[in-house]
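Hi,

Here is the structure I promised to pass on. Have a look at it first, then read on for what turned up.

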Amino acid sequence: MQHRVRAVLLTPNNTMLLIKRIRPGIDPYWVIVGGKIEPTDAGPEDALLREVREEIAGEARIVSLLHTIETADERQDFYLATIEKWNFEDRTGPEFSQEGRGEYILEEIPLAADALDAVNLLPQDFATVLRGAVERGELLAAR
């Protein structure tokens with residue numbers, strides 16, 4: 001089973017960082033920063049911090065596990081985390097240099113239901129969970 005970790009990264013500006021994916025022949029979509037756990041990672045949280053460093057050259061502080069989605073072949077753990085500084089230009093993740101992967105654009109999205117509704121956040125199951133947390137004010141409270 002593939003195990004992935006993702007971070008809902010809350011900024012000091014009361015926004016969250018999402019990556020917009022633009023790929024040929026597919027409508028643009030947004031994803032949460034993260035990736036798969038590697039054998040060299042000490043555990044899920046270690047993998048998550050490594051992914052944040054690779055994908056946005058930032059240092060996150062994990063607040064809590066927010067949600068898990070599990071299927072027959074994959075588990076995705078979504079964490080709530082805060083981040084103070086990042087630099088998308090200094091990213092080092094291997095996916096950014098692979099041919100044919102399309103564009104990756106880092107965007108700050110307000111912590112508001114209408115802002116989430118304006119983007120095609122995948123996976124859709126998690127987008128619904130995140131929208132509910134935003135509506136209940138849980139993300140601002142964690143900040």
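First, a term you'll need: a salt bridge is a side-chain nitrogen of Lys or Arg within 4 Å of a carboxyl oxygen of Asp or Glu. Opposite charges on side chains can pair up when the charged atoms come close.

A bit of background. This is a predicted model, where local features need pLDDT of at least 70 and side-chain atom pairs count only at pLDDT 80 or more, while totals for chains, interfaces and linings use all residues. Residues are numbered from 1 along each chain as its sequence is written, and side-chain values use heavy atoms, with hydrogens and water left out.

So, how many salt bridges does the structure hold? There are 10. One of them joins Arg 50 to Glu 54, with the closest N and O atoms 3.2 Å apart. Both sit in helix H1 (residues 44–56), four residues apart, so about one helical turn separates them. (Helices are DSSP runs of H or I, at least four residues, and strands are runs of E, at least two, numbered from the N terminus.) Arg 50 is buried, at 14% relative accessibility; buried means under 20% relative accessible area, exposed over 50%, and partly exposed in between, using a 1.4 Å probe and protein chains only. Arg 50 and Glu 54 also belong to a salt-bridge network with Asp 41 and Glu 51.

Next, Asp 117 pairs with Arg 131, the closest N and O atoms being 2.7 Å apart. Asp 117 is in helix H2 (residues 113–117) and Arg 131 in helix H3 (residues 124–135), so this pair ties together parts 14 residues apart in sequence.

Cheers
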